[in-house]
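Hi everyone, thanks for making time. Let me put the sequence and the model up, and then we can walk through some side-chain packing together.

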Amino acid sequence: MFKLASKAIEVANKHKVDFGDIRVVEERNQTVAVKNGEISALTDQTTLGYGIRVLYKGAWGFASGRDMTERAVADTALRAIAIAKASRLLMRGRVRLAHEPAYQDFWQTPFLKDPFAVPVQTKLDMLFALDKTLRADKRIKVSESEMNFMREHQWHMTTEGSRIEQVLLNSGGCVTATAVLNGESQLRGYPCSHGGQFLAGGWEIIEAMDLPAHADRVRDEAIALLKAPVCPAGVKDLIISGNQMALQIHESVGHASELDRVLGYEESYAGSSFATTEKLGKFRYGSEIVNLVADATLPGGLATAGYDDDAVKAQRWHIVKDGILSGYMTNREFCGRIGKDRSWGSCRADGYSNIPITRICNLSLMPHKGTTEELVAGIKDGVMMENNTSWSIDQRRLNFQFGCEIGWEIKNGKKGRILKNPRYQGITPEFWGSCDAIAGPQEWRLWGVANCGKGQPGQRAMMCHGSSPARFRKVKIGVHG
Amino acid sequence: MKNIEQVCKKIFKLARGVQCEVMAEKRDSSLTRFADNVISQNVASSALNFSVRLLDGGRSAKMSFNQADDATLKHAVASGLEILKKQKKDPALLPLAKPRPIAPGKNMFDRETAELSPSFRAGKAAELARACGKTGQIACGTVDNGASELVIANNLGLFVRHRDSSVTHSVTVKDHDGSGWAEKTSHDVKNIDFARLNETARAKAAASRKPRDPKPGKYTVVLEPQAVADVLSYMNAYSFGGQFYNEGRSFVCGKLGKQVLSPLLTLEDDAWGAAPGMPFDFEGQPRTKVTLVERGVLKAIVHDRKTARKAGTASTGHALPQPSYFGPLAINLAVKPGKDSLQDLIKGTERGILVTQFHYTNLLKAQTMEITGMTRNGTFMIENGKVAYPIKNMRFTQSMVEAFANIEAVGSEAEFLQGWGYISCPPMRLSGFNFSSATKF
Ligand SMILES: [Zn+2]
């Protein structure tokens, strides 16, 4: 592949570009799903193509193609250069990229069992067995069990001399049950809904989830939710657990810290950010125990790789340190705007046909101390919520509102009855500022976000958010229309 | 196109008598994105994707790929057949669709639009950015164009194809603490009035400077077309598709034939109507015109072959590519326009809020279509029939069943918009719309 790729580098060099790169990407994506006793998806997708990026006299151009011949690669490179020339019509200064050494390297996601080598029928047998358990009660109207496996093989070459081959592998799955009665529906999932839990690795990820051990509970809780009281409205203390903490981190810190967005380059679509650059190193984002760390080296992380798509080596850095805004997600184009001469390396592209853009890296809330029981014990009147069902946040990442699958009432330090339709709303810095306890490392775990959308044309990216359950004081709970 | 036909033939041959369906989609797209008054991204892609579904006596597999060389085709079909061999039979699985006559669709293709050059797009971006630069405004947005071709064929003789072109000019203008937005999409660039869109967004940005703090609560709202389309698209996706209906999750369940929404609301899906599209669905079946809501009475839902069979009826031609999370979906929606202009809607409002656009809407509860989201890019207080002053953005948490029962007036000027498919939508005035919290800008 590098031989084919080098054709693009040759064309780029001939035209004296400031910078050029080509990523040849081969992807395989397998989904196996069973719904209500039937196969709802059995798909196996492969794509192969390349994206070529050039910086010509300080302006960007990008073109992608799928015709795997030297001639087509050269034509696509010329097309990228022609587009860059058009970009020169509207520029302020020349785009310059932060320096990064050239690398010749191979990196791959560590895994134990190749999920594509596990027979489809083994997967189907497991899913049908789960489906049977989920549907053991007639009030379950929708039962869904699924698995998904993704492999991305990249060959990345730059005009600076980098030559990086990477093989990234992710596996995910879940069971969900929806109970329906008189038009009302209640959803419960394990490990979470929205397509399930994903981590970097192979078939061992599915085995470790132990879906069969949770299917009975998922079914019974979905049914119990139908009869549960609605989560009452009021200002109460909140414990967030399960993948809801991942969504809270993702929406209110992850996207808010994307530097392109902070600088206004995402304004026309997803919006901008309140966490503007003059706040770096000063702004109180959360309480003193709040530490949020971006980490492209995190074992199991969906955004973990040897290098990002700017050919920058994987790093680990603080976004929020002891409650203070301390860093951003960066690419090589914009990191200079905050005075950094090297990118933190969080620039990635979706497949071969998209240009690399600034993305959220793996971003985790560092554990503190104690157990969930101790968090509960410190609450007089509150709610514990688990697993996200609905998410919404404003265009500067301040006002958010989340809905969760299930809540538990907390009265006088004791976790009690379950509550349905639990929701909460807040303003980002006030909310993180009200965080007064985060459970210890023994309860810390990683959650995957497999469908993060950004950019125009729209791109998908994957990343993980690790956390332990955490407690927030005086939160607006139970918002209803 | 010829190439696609040949690939289909090769695949059918490899399938050796097993039922086989091919969906091929060729898409060329280019997009120029600008922000901060400069071009920030300028890209082009050309893609051709094939999906092959194999069915054999209750067994199925779907293989997708984007390389069409003989080795890839052979490998894909062979691995699909291998999966079939070991699979247990699923008695519920439908065989492939037989060909049915398809009425010709509206012409949706314009060569000039498909082939707009990078310098045309950059020029349009530059016109706006230079004008904004002179007045201290900041231009952000996109100019994109492209063309796509879709073929669905199977070895029972079905072969349908559709091609379209598209161009969209989307403008967001920042003016200090004000912001404005305008967008138009069409299959023909001659329908896009670039200057007018720029002017609308710039004027709105200027008018929304120095916004005041509003108080959350229930208000009469005048929703511009994009805001109506946003929440209506959710309602359509979660309520008017046969799958959620069959599963008992749609608010329409048990209410067909009943007056549930405002008599001012009539909602149709029509591939030859105000929001046209391809004349067949993703199973190659003819689309039919379906009236979903007639003067507030819930009339019908849409089906694909699978949901139709479960419901004991016929497909209405609304299949999405399989597998589909949403099941069938109406993608050529049109709200019947009323008599009032947007200005009339404002004039008839004693006290209320004018909303340009919603942001990050999401479903909270399907039973009542309770949705939350933010206002964006121009939110104004209306007092005594006039736009009085700009206000900061607010979050709404509102049942859309209730909101669309509370329509006071429907506007006369429908816009053709992209949603989950296409939607033609006029502005509307609704009463008692619940804003649940505020934000800081
Ligand atoms: Zn995201």
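Searching the whole structure turns up 35 aromatic pairs over all chains; here rings of Phe, Tyr and Trp (its six-membered ring) pair if their centres lie within 6.5 Å, with planes under 30 degrees apart counted as stacked, over 60 as edge-to-face and the rest as tilted. Take B:Phe358 and B:Phe396: their ring centres are 4.4 Å apart and their planes meet at 40 degrees, so this pair is tilted. B:Phe358 belongs to strand 12 (residues 351–365) of chain B and B:Phe396 to strand 15 (residues 394–399) of chain B, so the pair ties together parts 38 residues apart in sequence. Strands (E, at least two residues) and helices (H or I, at least four) are DSSP runs, numbered from the N terminus.

Buried means under 20% relative accessible area, exposed over 50%, and partly exposed in between (1.4 Å probe, protein chains only).

A quick word on conventions: this is a predicted model, where local features need pLDDT of at least 70, side-chain atom pairs count only at pLDDT 80 or more, and totals for chains, interfaces and linings use all residues. Residues are numbered from 1 along each chain as its sequence is written, chains are lettered from A and ligands numbered from 1 in the order in which they are written, and side-chain values use heavy atoms, leaving out hydrogens and water.

Over in chain A, ring pairs link A:Phe400, A:Phe402, A:Tyr424, A:Phe431, A:Trp432 and A:Phe472 into a cluster. Two of those residues come back with A:Ser252, which touches A:Tyr285, A:Ile393, A:Phe400, A:Thr428 and A:Trp432, not counting residues up to four places away in sequence; contact means heavy atoms within 4.5 Å. A:Ser252 sits in helix 6 (residues 244–254) of chain A and is buried, with a relative accessible area of 0%. A polar atom of its side chain lies 2.6 Å from the backbone oxygen of A:Gln248.

Charges meet rings too: the charged end of B:Lys124 sits over the ring of B:Phe194, 4.7 Å from its centre. The criterion is NZ of Lys or CZ of Arg within 6 Å of the ring centre and within 35 degrees of the ring normal.

Notes. Polar contact = N/O pair within 3.5 Å; in protein donor to acceptor, adjacent residues only side chain to side chain.
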